[in-house]
Amino acid sequence: MTAWPIPPGHGATAWAPETVTADPYNAQTPSAALAEPVTPVGAFFVRDHFGIPQTTPRRWRLRLGGAVAAPFDIGYDELITMEHRELDAVMECAGNGRSLMTPRPPGLPWSQRAVGCAQFAGVPFRSLAARARIEPTAVEIVFTGADSGTVHGRRTPFERSLPLAVALHPDTLLATHMNGEPLAPEHGAPVRLVVPGRYAVAAVKWLIEARAVTNPFTGVFQTEEYVYVASRGTPEGPVTTVRVKSLITAPEPDTAVRRGHETVVRGQAWSGDGVPVRRVEVRATCEDDGGDEDEGANGEQDWRAAVLEPPAGPYAWTGWSYRWTPQRPGPYRLLARATDEHGDTQPSWAPWNAHGYGCNPVASVEVVVV
Ligand SMILES: Nc1nc2c(c(=O)[nH]1)N[C@H]1C(S)=C(S)[C@@H](COP(=O)(O)O)O[C@H]1N2
Ligand SMILES: [Mo]
């Protein structure tokens, strides 16, 4: 194991996340880093509700309790001797893309960069649950972080629950490593939950307790924040499965591309719950021709299939590319639309709900053909 505390520059790259708020610290992934199959730790978005709690692996303990026959505590040294699992997973904040909604819901004004894909390693929670022997009356596991603060006038730790079946899924991990290095402080060191395929609010950082409960959890981050309210087509309740989405990583917005020359349009696409991306389609429209106005019956024919790269695993994102040779000069809009194996596809317009979650409209970039 690497010695602790980790040296400065851990996960150091040419990247730095772009600060959205300094206190608590929130930052989004820089555009260029999103083109990478694995997002460098130093570029990975950060979503903190409170401060970053300071601890060390030596002091860290996790308590397993509640409706269990054999409650126990475990320390870091013991945890990392247990059988672990590695997986690549997209982490996306449920509020990612909120700034595209009209009217703009309250909350951090994320563009589409509160997302990243990392290699996580950790111990399946189910291994610890087996040792604690969860009572048959338990319905959920509540996971608690070491951070706390005041939300809606009430003091609370950061806590979020998972249905038993999700908590006990073999890919729900108590992660200790990200991209092959011990977790960085801002990403939940020394141990965080990773719940592949679910919005990242489920991935409780600085994890210190897991307790089985016999009634659905009603904490503020379960029933007031990170819930769909007034969302068309989605039942009201906690955000869960990540919605299908794509990003365009090249060309960059407002760049000039040359007429008669091939431009490679690239990006990433992903969906939730390990459902594979089935296809990504790209559409280029000249804004001088009326742009989006031909989004009628004929518009559907203008979508062209992109080439998909094999993802690094079922929860990783899928790189895609499309070779585009524009014939006429003018301002263009490039659109990308992902569809998953369930047939779920990105809507044309930003879907709206009161807190601004799950915003997955088709990706869009404007360029100029010269
Ligand atoms: N303890 C704790 N865990 C947390 C949070 C938090 O504020 N405190 N934020 C959650 C949210 S909303 C997101 S999007 C992810 C962000 O993970 P990251 O900062 O490693 O990218 O952590 C989740 N886990
Ligand atoms: Mo989030």
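This briefing describes the overall build of one protein chain and then a handful of its residues.

The structure is a predicted model, in which local features need pLDDT of at least 70 and side-chain atom pairs count only at pLDDT 80 or more, while totals for chains, interfaces and linings use all residues. Residues are numbered from 1 along each chain as its sequence is written, chains are lettered from A and ligands numbered from 1 in the order in which they are written, and side-chain values use heavy atoms, with hydrogens and water left out.

**Overall build**

- The chain has four helices and 24 strands, where helices (H or I, at least four residues) and strands (E, at least two) are DSSP runs numbered from the N terminus.
- The radius of gyration of the chain, 21 Å, is close to the 21 Å that the globule rule gives for 370 residues, so the chain is as compact as a globular protein of that length; this radius is taken over C-alpha atoms, and the rule is 2.2 Å times the number of residues to the power 0.38.
- Along its principal axes, the C-alpha trace spans about 70 × 45 × 35 Å.
- Among contacts (heavy atoms within 4.5 Å) between residues at least 6 apart in sequence, 72% join residues that are at least 24 apart.

**Surface and charge**

- Of the 370 residues, 54% count as buried, a word that here means under 20% relative accessible area, whereas exposed means over 50% and partly exposed lies in between, with a 1.4 Å probe and protein chains only.
- The chain exposes about 16200 Å², and carbon and sulfur atoms supply 51% of that area; accessible areas come from the Shrake-Rupley method with a 1.4 Å probe, and for residues only the protein chains shown count as cover.
- There are 33 positive and 41 negative side chains, and the centres of these two sets lie 3 Å apart.
- In that count Lys and Arg are positive and Asp and Glu negative, while His and the chain ends are not counted; each charge is placed at NZ of Lys, CZ of Arg, CG of Asp or CD of Glu.

**Cysteines**

- A search of the whole structure finds zero disulfides, a disulfide being a pair of cysteine sulfur atoms within 2.5 Å.
- For Cys359, the closest cysteine sulfur is that of Cys93, and at 12 Å it is too far for a bond.
- Cys359 is buried because its relative accessible area is 0%, and Cys286, at 6% relative accessibility, also counts as buried.

**Backbone features**

- The peptide bond from Asp23 to Pro24 is cis, with omega near 0 degrees, and Pro24 is in the loop between strand S1 (18-21) and strand S2 (26-28).
- The peptide bond from Ala250 to Pro251 is also cis, with omega near -5 degrees, and Pro251 lies in the loop between strand S16 (245-250) and strand S17 (256-257).
- Tyr226 is not a glycine, yet it has a positive phi of about 60 degrees; Tyr226 sits in the loop between H4 and strand S14 (227-228) and counts as buried at 5% relative accessibility.
- Ala230 likewise has a positive phi, near 55 degrees, in a residue other than glycine; Ala230 is found in the loop between S14 and strand S15 (237-238) and is partly exposed at 45% relative accessibility.

- Asn215, in the loop between strand S13 (207-213) and helix H4 (220-223), is exposed because its relative accessible area is 55%.
- Not counting residues up to four places away in sequence, Asn215 touches Val139 and Glu140, and although Asn215 and Val139 are 76 residues apart in sequence, their C-alpha atoms are 6.4 Å apart in space.
- Val38, in the loop between S2 and strand S3 (46-47), is partly exposed, with a relative accessible area of 25%.
- Leaving aside neighbours within four places in sequence, Val38 is in contact with Asp88, Cys117, Ala118, Gln119 and Asn179, whereas the C-alpha atoms of Val38 and Pro170, 132 residues apart along the chain, are separated by 22 Å.
- Asp171, in the loop between helix H3 (164-167) and strand S10 (173-178), counts as buried at 12% relative accessibility.
- Apart from residues up to four places away in sequence, Asp171 touches Arg85, Leu87, Val194, Pro196 and Tyr315.
- Asp171 and Phe125 are 46 residues apart in sequence, and the distance between their C-alpha atoms is 8.4 Å.
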